[in-house]
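Let me put the sequence and structure up before I write anything down.

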Amino acid sequence: MARYVELRRHTDNDGDALTEDGVRAALEVGQQLAGGYALLVSTGAQRATQTLACFACVLREPVAGGAVVEPGLRSRVEDRWREAYQRAGSGDLGALRDADPELVDEDSAVLGAALRRVFERLPDGGRALAVGHSPTNEAAVLGLTGSIVEPIAKGAGVLVVADGEQTRIEPTG
């Protein structure tokens with residue numbers, strides 16, 4: 001039976017904290033979420049955890065697995081991603097790969113393994129809501145599925161489905 005991870009990007013921030021607009025946006029996005037989550041996941045960064053908390057505030061439903069931190073969904077080489085972004089002039093993973101192929105290939109594998117760990121925590125048919133960063137959310141998807149997704153806007157996301165050993169990407173709706 002399939003398992004689902006809705007991988008979203010944190011909303012507007014100043015440093016590692018959400019701005020007032022970021023909090024408002026996260027609450028608005030949260031009202032549109034499907035719900036029915038078995039697990040909530042943050043990278044551990046304050047902006048991701050704060051966004052996840054705002055989502056949870058408006059969901060108003062029990063989440064059996066609670067909220068956890070998967071630090072592997074946060075790159076250990078964020079400065080290198082920033083440098084690659086400067087060279088690429090874009091957050092597009094293809095452009096970032098042109099700017100620093102080793103970074104994208106190596107970190108995508110690490111981030112994809114962390115995303116796989118989130119799937120492993122889910123029961124059959126279970127759904128997780130995970131909040132992270134861009135372009136590392138996209139890199140995690142690449143590392144797990146082999147597919148490049150478009151840059152994820154703040155508050156937006158992508159749905160990754162694992163059905164046995166097969167993975168695919170679906171619209172978040």
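My entries below go from the whole chain down to single residues.

**Ground rules.** I'm looking at a predicted model, where local features need pLDDT of at least 70, side-chain atom pairs count only at pLDDT 80 or more, and totals for chains, interfaces and linings use all residues. Residues are numbered from 1 along each chain as its sequence is written, and side-chain values use heavy atoms, with hydrogens and water left out.

**Elements.** I looked up the make-up and found six helices and eight strands in the chain. Helices (H or I, at least four residues) and strands (E, at least two) are DSSP runs, numbered from the N terminus. Reading from that end, I get β-β-β-α-β-α-β-α-α-α-β-α-β-β.

**Overall shape.** I checked the radius of gyration, taken over C-alpha atoms; the globule rule is 2.2 Å times the number of residues to the power 0.38. For 173 residues that rule puts a compact globule near 16 Å, and the chain's 15 Å agrees. Its C-alpha atoms fill a box of roughly 45 × 40 × 25 Å along the principal axes.

Buried means under 20% relative accessible area, exposed over 50%, and partly exposed in between (1.4 Å probe, protein chains only). For contacts (heavy atoms within 4.5 Å), I took pairs at least 6 apart in sequence: 76% of them join residues at least 24 apart.

**Charges.** I have 18 positive and 26 negative side chains down, with the centres of the two sets 3 Å apart. Lys and Arg count as positive, Asp and Glu as negative, while His and the chain ends are not counted. Each charge is placed at NZ of Lys, CZ of Arg, CG of Asp or CD of Glu.

**Arg-60.** Most residues other than glycine have a negative phi, and most peptide bonds are trans. Arg-60 has a positive phi, near 55°. I find Arg-60 in the loop between helix H2 (46–59) and strand S5 (67–69). Arg-60 counts as exposed because its relative accessibility is 75%.

**Around H6.** Which peptide bond is cis? I see that it runs from Ser-134 to Pro-135, with omega near 15°. Pro-135 sits in the loop between strand S6 (127–132) and helix H6 (136–145). Nine of the 10 residues of H6 are buried, so the helix is largely enclosed by the rest of the structure. Among them I listed Val-141, Leu-142 and Leu-144. After H6 comes Gly-146, with a positive phi near 80°.
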